[in-house]
Amino acid sequence: MEVFSLLADGFAVALTPQNMMLAVIGCVIGTMVGALPGLGPSNGVAILIPISFSFGLDATQSLVLMTSVYYGAMYGGRISSILLNIPGDEPALMTTLDGYPMAKQGRAAEALVLSGVASFVGATFATIGLMFLAPWLAQVAFLFGPAEYFALFLLAFCTLGGMASNNQRKAAIAACIGLGISMIGLDNSSGMPRLTGGSLHLMDGVDFLVAIVGLFAVAEVFIFIESHGKESAIGVKLGKVTIPFMMIVKSFGAMVRASVVGFIAGVLPGAGASLGSFLAYMTEKAISKDKDTFGTGNPRGVAAPEAGNNAAAGGALVPMLTLGVPGSGTTAVLLALLMTLNITPGPMLFKERPDLVWGLIATLFIANFVLLILNVPLVKIFVKLLSVPPWVLLPGVTMVSFVGIYSLSGSYFDLLLMIGFGVLGYFLRKIDVPTVPIILGILLGNHMEDKLRQAMVISGGDWTYLFSSPIAIGLWIAAIVGFVAPMFLSKFLKKPSAVSD
Amino acid sequence: MPDPVGSKLFPIMIGVVGFICAVAIFLKPDEAPNWPKLGIVFSILCAVVTLVGYAYALKPLGFIIPTAVASGVVSYLIRRNLLTALLTGVGLSVGLFALFKYALGLGLVAFSKNLIG
């Protein structure tokens, strides 16, 4: 089969000593980023992008490093969920429900090993899924014209707003804020400045990385100042790490089911890993005979969300690579990385840069094995990281953010803008407006407008052109359903708290 | 080819959707959030001022001194302890400088020439 020969070529790219080393470094950093509460995956990857540029990595190398960090963060998030009852990143929220009770019963090591294996199963399943689904979807994507792309972007915002947040109105307004910010700068078609208020600094628009580091990293500092770092729950001691074979065998069915559910959730544009772990947990709970034990330390309640979260993380790469529409906040950051490297994701990427695409997929397989080793036998090293207190961690993250953004542009203005975004992010967090739609809006706004304009130029201003193909109509319907349906389902799908990665 | 959309329509569309959402939120508001007390607002303002100052100080003063001051202040704002703040400031500025300069090879300046004379 063609897929396997392409994959073999991919391994040839990934197995060079330098790329291997980058993958291992990425896995270690990623697990750290995931494990530390207050440093989520999107924000961790965003901070690392400027640093990897100044390091002089080429496109393949940067991508190898960053996707390893991305996969690593998805593994690492569970560590503090289980030991501290604080999710290390948002998708790990569901893992706290059964992971922390298990830890309190003195079964912390078992929970960590089980969730590590579940992460491996989920991520491996998703990487295999990516390998088969992505080339096929890339073929379908050739049928997409401007009208279809416009509808697809809309679908991403609608599923993100509808499913991944508790309040559709607030998610929609966040998307509008992001889209509005993306309009700042030179108009793509006419080359005239828009919404710059006459400021020369704003002529180039607002840099995506400045916004994301501000909204996540800097805002986090203000949140911690408010809580005085007091919110850290009492940690649970970790005993000797042994491998609970029986438990893994018994939970294996749950892992596979969760992987399928998570992968599908991840492939949906705009849905992401948080939704994947949420749906995986709810599905497993719904079909179990022992429903009541969920939430009290049921091993399957640990295995399912972890497999689901990692499968969704892999699935989210599918729309990002084939269509240029990210499936989650972190893949949005990876998309920004591709764009900054002058790589346009989409069907042509598979034709023109097979080395990059298949090297990336091969790296994901290798990263998975590295992560399994890091997260099962060596998990104790990362547990030690949790003892870094917030009053050291948060200033550190802030300083790294400043240096990263400063080394990117060397301008005071971007640093000030970043602080501004930090204040905005704090304010939005207080009033419970999700920030991921803003990020997606800033990233996709210009593309969305370009597609709309192209569609109108082709049709000579006939708006019905937007609904002229079956694919476009299907996407519009999916978008509307994705936005509206959760309002009626909210009674059944009550989330423990705001979910967004 | 003429552009039937123009550069104003899309931003106006976004504005209209945003306005509808704003009205929807206004008509059916959520519970009011827990706004922080005045003292905490003041702490956050201190942090903002410190970070703005840091942004301006980074180039003229070099990396070490502004970083030590800024991270010390942020640390103090999170946990009111002068000693840990002092240690955090010094440790982070020296540690990060070593990391960026020698491990990652960024072109940072430790102390500005104006200071050393």
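## Close-up views of the chain A and chain B model

View 1. A charge sits over a ring here if NZ of Lys or CZ of Arg is within 6 Å of the ring centre and within 35 degrees of the ring normal. A second case brings in both chains: the charged end of B:Arg79 sits over the ring of A:Trp391, at 4.3 Å from its centre. Before moving on, note that this is a predicted model, in which local features need pLDDT of at least 70 and side-chain atom pairs count only at pLDDT 80 or more, while totals for chains, interfaces and linings use all residues. Residues are numbered from 1 along each chain as its sequence is written, chains are lettered from A and ligands numbered from 1 in the order in which they are written, and side-chain values use heavy atoms, with hydrogens and water left out.

View 2. Rings of Phe, Tyr and Trp (its six-membered ring) pair if their centres lie within 6.5 Å; planes under 30 degrees apart count as stacked, over 60 as edge-to-face and the rest as tilted. Helices (H or I, at least four residues) and strands (E, at least two) are DSSP runs, numbered from the N terminus. A:Phe402 counts as buried because its relative accessibility is 0%, and B:Tyr54 counts as buried too, at 2%. The cut-offs are under 20% relative accessible area for buried, over 50% for exposed, and partly exposed in between (1.4 Å probe, protein chains only).

**View 3. A:Phe427 and B:Trp35 are stacked across the two chains.** Their ring centres are 5.7 Å apart and their planes lie at 25°, so the pair is stacked. A:Phe427 comes from helix 18 (residues 412-430) of chain A, while B:Trp35 belongs to the loop between helix 1 (9-27) and helix 2 of chain B. Both partners are partly exposed: A:Phe427 has a relative accessible area of 42%, and B:Trp35 has 46%. Over in chain B, B:Phe63, B:Phe97, B:Phe100 and B:Tyr102 form one aromatic cluster.

**View 4. Chain A and chain B bury about 4800 Å² between them.** Buried area means the accessible area (1.4 Å probe) that two parts lose on being put together, summed over both. Carbon and sulfur atoms give 81% of it. A:Arg169, A:Trp391 and A:Met399 supply 15% of the area that chain A buries against chain B, more than any other three residues. The contact (heavy atoms within 4.5 Å) takes 56 residues from chain A and 56 residues from chain B. How many salt bridges are there between chain A and chain B? The count is one, where a salt bridge is a side-chain nitrogen of Lys or Arg within 4 Å of a carboxyl oxygen of Asp or Glu. B:Asp30 and A:Lys170 meet in a salt bridge through their side chains (2.8 Å, N to O).

**View 5. Helix 3 (residues 64-78) of chain B packs its buried residues against both chains.** Its 15 residues reach 21 Å from first C-alpha to last, close to the expected 21 Å; the expected span is 1.5 Å times one less than the number of residues. Buried residues in this helix include B:Ile64, B:Pro66, B:Ala70, B:Val74 and B:Leu77. Their packing partners are helix 8 (208-227) and helix 17 of chain A, plus helix 2 and helix 4 (82-103) of chain B. B:Tyr56, in helix 2 of chain B, is 10 residues from B:Pro66 in sequence and 9.4 Å away in space, C-alpha to C-alpha. B:Tyr56 is partly exposed at 45% relative accessibility, and it touches A:Tyr412 and A:Leu416, not counting residues up to four places away in sequence.

**View 6. A:Asn342 and A:Asp432 have positive phi without being glycine.** For A:Asn342, phi is near 65°; the residue is in the loop between helix 13 (329-340) and helix 14 (347-352) of chain A and is exposed at 71% relative accessibility. For A:Asp432, phi is about 65°; this one is in the loop between helix 18 and helix 19 (436-459) of chain A and is partly exposed, with a relative accessible area of 39%.
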